[in-house]
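Please walk through the model below, starting with its open spaces and then turning to its sheet.

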Amino acid sequence: MTTDSLTELRTSPYDGSTWLWPKSDHGCWNGMHHDLENVPTYLKYIPEDERISVVQAGGNCGWMPNWLAKHFHLVYTFEPDPLNFYCLSANCKTANVFKYQAALGENHDTKIMMRTVPENIGMHYVEETEIGAIPTLTIDDLNLSVCNFIQLDTEAYELPILKGAVKTLDKFRPVLSLEIADARSIQRYNYTMGDLVNWLKQFDYELVEKVNMDYIFVSKPK
């Protein structure tokens, strides 16, 4: 089957906008509109004159990258799933969104996609393998000149991604939003919420707020 046969156009009940979307999905489509409730919480920790550059992973079909692009000058979004990325590329047309069909991680190991819930494309997750087809980049690979915000919705792969952003975190201390759905999901990658919180302490990060499933961390100035 072609990608076109696997997708369809849908109209958002939120604002009437049109989106290219995988036909099999219902869970993510219904849930993603609630994600916008989190955006004002993100923004209140980032002064308007500092909303320059954001790294976003779990780009999915482009809903969150598109909204972040309304508030930041530069959006770097990552989505490893081929069909999701196909839709993301069609949906994200503004010049300030830079799209990467890749996973983020701690190193450059290859990955495979696990699609255990086809009716919810937001639940796809990655597994490391020596023969995977999906490349992995690190946030530090971007060598950014500024980073104000990192927003991760990567089905519990947040800590490995942050371990690939040590230089970025140390230099810029961006506000972090990390979606952690439940304890079972992070056990998939052999860490706990306590491990995540403790690891971030080396950069003076503190958990300041939880909105829905997103944990917001802010670092003290260096």
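Which element gives the most to the lining of the largest pocket? The element is α1, with six residues. This is a predicted model, in which local features need pLDDT of at least 70, side-chain atom pairs count only at pLDDT 80 or more, and totals for chains, interfaces and linings use all residues. Residues are numbered from 1 along each chain as its sequence is written, and side-chain values use heavy atoms, with hydrogens and water left out.

The largest pocket holds about 850 Å³ of space. Of its 47 lining residues, Gly122, Met123, Asp153, Glu155 and Glu179 are the closest to its centre. Two or more lining residues come from each of α1 (27–35), β3, α3 (63–68), β6 (103–104), β8 (125–128) and α7 (183–187). Helices (H or I, at least four residues) and strands (E, at least two) are DSSP runs, numbered from the N terminus. The lining divides into 21 nonpolar, 17 polar and nine charged residues. Here Ala, Val, Leu, Ile, Met, Phe, Trp, Tyr, Cys and Pro count as nonpolar, Asp, Glu, Lys and Arg as charged, and the others, Gly among them, as polar.

A search of the whole structure finds one cavity of 30 Å³ or more. The largest cavity has a volume of about 30 Å³ and is lined by Asp153, Glu155, Ala156, Glu179, Ile180, Ala181 and Ser185. On a 1 Å grid over the protein atoms alone, a cavity is a set of points where a 1.4 Å probe fits but cannot get out; a pocket is an open set with protein on both sides within 12 Å along at least five of seven lines; lining residues have an atom within 4 Å of a point. Grid points are joined across faces, edges and corners, and a volume is the space filled by probe spheres set on the points.

Now the sheet. Seven strands form an open sheet with mixed pairing, in the order β5-β4-β3-β10-β11-β13-β12. β5 (97–100) and β12 (205–211) stand at the edges with a single partner strand each, so one side of each has no neighbour in the sheet. Two strands pair if DSSP finds at least two bridges between them. Strands β3 (residues 53–57) and β4 (residues 74–78) run parallel and are joined by five bridges, and valine 54 has valine 75 of β4 as its bridge partner.

At the other end of the order, β12 and β13 run antiparallel, joined by six bridges, with glutamate 209 opposite isoleucine 216 in β13. Two residues lie between the strands of this hairpin, where asparagine 212 takes a positive phi near 55°. β13 also pairs with β11 in the antiparallel sense over four bridges; there leucine 176 stands opposite phenylalanine 217 in β13. Five of the six residues of β13 are buried, meaning under 20% relative accessible area, with exposed over 50% and partly exposed in between (1.4 Å probe, protein chains only).

Tyrosine 45 lies in the loop between α2 (39–44) and β3. Because its relative accessibility is 26%, tyrosine 45 counts as partly exposed. Leaving out residues up to four places away in sequence, tyrosine 45 touches Val175, Val208, Glu209, Ile216 and Val218, where contact means heavy atoms within 4.5 Å.
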